[in-house]
Amino acid sequence: MPFYQRLGEVPRKRHVQFRENGSLLTEEVMGLEGFTGNESILYHLQSPCRVKELGEFEPIEREEWMPDTHAWRLMNTWDVPAQGDEIVGRRLLMWNDDVEISLCRPSESMEYFFRNGEGDEVVFVHEGAGTLETIFGELPYKQGDYVVIPRGTTYRFLPDESPQRYLVFETPGLIEIPKRYRNDQGQLMEHAPYYHRDIHPPAELKTVRERGEFPVKVRVRDGYQTYVHDFHPFDVVGWDGYLYPWTFSIHDFEPITGRIHMPPPSHQTFAGPNFVICSFCPRKLDFDPLAVPIPYHHSNLQSEEMIYYVDGNFSSRKGIEVGSITLHPSGLPHGPQPGLAEKSIGMTETHELAVMCDTFHPLRLTTLARELDDGHYAYSWYEEPAPAGSADENPAGVTSHF
Ligand SMILES: [Fe+2]
């Protein structure tokens, strides 16, 4: 999506004969929006439709939690047990018709290949590293990377030995670089917080010529359909185009700072349909002598704000730890807890690292959210006189967004 790429061998022109050892290769145009959106053209050794066996269809089941109260919520996700692999180990936390947000701490390896046939994915790598093996080639990933996987990409995670912890976004729409960062030709402009050099497409294409039994699990129609092929799905000898998976490191996001407080859109990293994904990164804070470096109260009248805390010193902010999620739902104001605005004055920098997802339609919660909900966060703006010298007397924090 970010720019034209080519790996492996492709013929001089599209849609002409392309042979290997005399055999005609199978050309596949993988594209969006009929034949008018971005596309890539892949050359396969076999037809990608060559299915030996139709496996099971497993519908996706979501266990919804309907809370008794509409409230600000805090969930601590750090201790969610590792389970499953990088696909079936995703544990849905909240969702609406535009986006699903899941936690994933895989403990098993993928014994199959996966393809999302009905949506784009962004996998934020909080912990771990490895290689995403894909039909477009190998895509190395590491801690802090957003792995952007467009629909139609057949892939398999090959993690290294380190523990893996991901925050996963899945959307039936497209994950895009915000339009205001790009000129009419698609190039990232000078004011954008990242550049093409920060975007990493697949590094190497390895054509696999194995025969055998290869199950591919495809997300379609709100479920998973398994297809068994008699050839390895990474049978592509070359491809080119604009559609492929890529990584972008949160550490390569260049924060935009101002004399007075910059609003959350300055942190926007990706755009989806009716939602945005933002990166809060270490940076200098507002530098006007009268600036209040942490945000003013604001009312999310039409949006839900989910923040996942990745790294930084949150220890002096009550209840927030690495792996915590706050959810500030629509229709309500929110802002710094008592004392924090005063405490922030004079602060010159923040070391926070956080991923935020703002949705423009309400999020539904799962029973996992009920398990993780601390149940007290809604009262964290309520001031009770604290005994002198207690930790509660001055619950100062260093996060710059609430
Ligand atoms: Fe906010």
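Is serine 40 buried or exposed? Serine 40 counts as buried because its relative accessibility is 0% (buried is under 20% relative accessible area, exposed over 50%, partly exposed in between, with a 1.4 Å probe and protein chains only). The model is predicted: local features need pLDDT of at least 70, side-chain atom pairs count only at pLDDT 80 or more, and totals for chains, interfaces and linings use all residues. Residues are numbered from 1 along each chain as its sequence is written, and side-chain values use heavy atoms, leaving out hydrogens and water.

**View 1. Surroundings of serine 40.** Serine 40 is part of strand S5, residues 39-44 (strands are DSSP runs of E, at least two residues, numbered from the N terminus). Beyond its neighbours within four places in sequence, serine 40 has contacts that include Glu28, Phe136 and Trp239 (contact means heavy atoms within 4.5 Å).

**View 2. An open sheet of nine strands.** The antiparallel strands follow the order S7-S32-S9-S10-S17-S12-S15-S22-S18 (two strands pair if DSSP finds at least two bridges between them). Strands S7 (64-65) and S18 (199-200) are at the edges with a single partner strand each, so one side of each has no neighbour in the sheet. Five bridges join S9 (residues 90-95) to S10 (residues 100-104), and arginine 90 has cysteine 104 in S10 as its bridge partner.

**View 3. The rings of tyrosine 146 and phenylalanine 248.** Their centres are 6.4 Å apart and their planes at 5 degrees, so the pair is stacked (rings of Phe, Tyr and Trp, the last by its six-membered ring, pair if their centres lie within 6.5 Å; planes under 30 degrees apart are stacked, over 60 edge-to-face, the rest tilted). Tyrosine 146 is in strand S15 and phenylalanine 248 in strand S22, 102 residues apart. Both residues are buried.

Methods. Helix = DSSP H or I, 4+ residues; strand = E, 2+ residues; numbered from the N terminus.
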